[in-house]
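Here is a short report on one protein chain. Keep the structure open and find each residue as you read.

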Amino acid sequence: METCLLENTMPCYNQQLNNKVNDSQENASKQVRFSNSGFQEQSEPFSDGHSIDTVTLLSSEAQGLIGPQLKLLPLNDQIRELQTIIRDTSTSRGDFVFCADRLIRLVVEEGLNQLPYSECTVTTPTGHKYDGVKFEKGNCGVSIMRSGEAMEQGLRDCCRSIRIGKILIQSDEETQKAKVYYAKFPPDISRRKVLLMYPILSTGNTVIEAVRVLREHGLQAKHIILLSLFSTPHGAKSIIQEFPDITILTTEVHPVAPTHFGQKYFGTD
């Protein structure tokens, strides 16, 4: 057995673990927390002229102004790096896809935390009982074509048997009005929880039209979790004003969204 040295300055792992267990016992209910902190004294500029400090502050302020329906991933250096590479005009397509898939996976993982769980007890290979949790049935994904399809594999990597529907919506170049061209959902979608996938929220018009289609199929907005990578304040606010019960999960809220995402990801730029 290893001996803990320098007890006054460096507690061993078991001591740290015990402290965490004691803290968790005080709050037994499962909660998902999204951090809007992380504002550091750095000023590394993005290519659009905004510093990382400004971007972090914009996201935090937008979350406060728009409300609790807008949830941000906890910001860290890993996410900042992925965001920077995706925004960088000099990034190769191979690096772009690799980093986009990594960021998508992080968003999907947090999105799954928003779905309902139920408690369960299982038997381990040693014959012991373990109290855990499992997904409740009735979840599915819906991707808004084409860019939303980039997020499908990330969802399947986490839930390999999940059903995924599709919506094709295009906006008129002059009026900017969204029009639905195709929609295919599981027949019982009105009884499911839906992860709606669309990586870039710019105006919000496409998502609003997609949610309207889902509501026409009997799905309530409160059962929709919108997964995106980047959002503008205007886009997020427009969606929540139209559907106050929807949940939006994103990594960043910024006035300038990387609208080249779909073309770069699929190699059509």
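## A loop with a cis bond

Arg146 sits in the loop that runs between β4 and α5 (152-158). Helices (H or I, at least four residues) and strands (E, at least two) are DSSP runs, numbered from the N terminus. Arg146 is joined to Met145 by a cis peptide bond, with omega at about 5 degrees.

This is a predicted model: local features need pLDDT of at least 70, side-chain atom pairs count only at pLDDT 80 or more, and totals for chains, interfaces and linings use all residues. Residues are numbered from 1 along each chain as its sequence is written, and side-chain values use heavy atoms, with hydrogens and water left out.

## The whole chain

How many helices and strands does the chain have? It has 8 helices and 12 strands. Of its 269 residues, 41% count as buried. Buried means under 20% relative accessible area, exposed means over 50%, and partly exposed lies in between (1.4 Å probe, protein chains only).

The chain exposes about 15600 Å². Carbon and sulfur atoms supply 48% of that area. Accessible areas come from the Shrake-Rupley method with a 1.4 Å probe; for residues, only the protein chains shown count as cover. Now look at contacts, meaning heavy atoms within 4.5 Å. Take those between residues at least 6 apart in sequence: 63% of them join residues at least 24 apart.

## The largest pocket

Rolling a probe the size of a water molecule over the atoms shows where empty space is left. The largest pocket holds about 730 Å³ of space. A pocket is found on a 1 Å grid over the protein atoms alone, with a 1.4 Å probe; it is an open set of points with protein on both sides within 12 Å along at least five of seven lines, and lining residues have an atom within 4 Å of a point. Grid points are joined across faces, edges and corners, and the volume is the space filled by probe spheres set on the points.

Which residues lie nearest the centre of the largest pocket? They are Ser147, Tyr198, Thr206, Thr259 and Gln263, out of 24 lining residues. The lining divides into 10 nonpolar, 13 polar and 1 charged. Here Ala, Val, Leu, Ile, Met, Phe, Trp, Tyr, Cys and Pro count as nonpolar, Asp, Glu, Lys and Arg as charged, and the others, Gly among them, as polar. β4 (139-145), β5 (163-171), β8 (200-201), α6 (205-216) and α8 (261-266) each supply at least two lining residues.

## Helix α6

α6 has 12 residues. At 1.5 Å a residue, α6 should span 16 Å, and its end C-alpha atoms are 17 Å apart, which agrees. The expected span is 1.5 Å times one less than the number of residues.

Thr206, Val207, Ile208, Glu209, Ala210, Val211, Val213 and Leu214 are the buried residues of α6. Just after α6 comes Gly218, with a positive phi of about 95 degrees.

Ala183 belongs to strand β6 (residues 178-184). Ala183 is partly exposed because its relative accessible area is 34%. Leaving aside neighbours within four places in sequence, Ala183 is in contact with Lys166, Ile167 and Val213.

Lys193 lies in strand β7 (residues 193-197). Its relative accessibility is 27%, so Lys193 counts as partly exposed. Beyond four places in sequence, its contacts include Leu115, Pro116 and His223. Gly138 is another contact. The C-alpha atoms of Lys193 and Gly138 are separated by 6.2 Å, yet the two are 55 residues apart along the chain.

## A helix residue and the segment after α8

Ile85 is in helix α3 (residues 77-87). Is Ile85 buried or partly exposed? At 23% relative accessibility, Ile85 counts as partly exposed. Cys99 is 14 residues from Ile85 in sequence and 7.2 Å away in space, C-alpha to C-alpha.

Asp269 is found in the segment after α8. Asp269 is exposed because its relative accessible area is 66%. Leaving aside neighbours within four places in sequence, Asp269 is in contact with Gln263 and Lys264.
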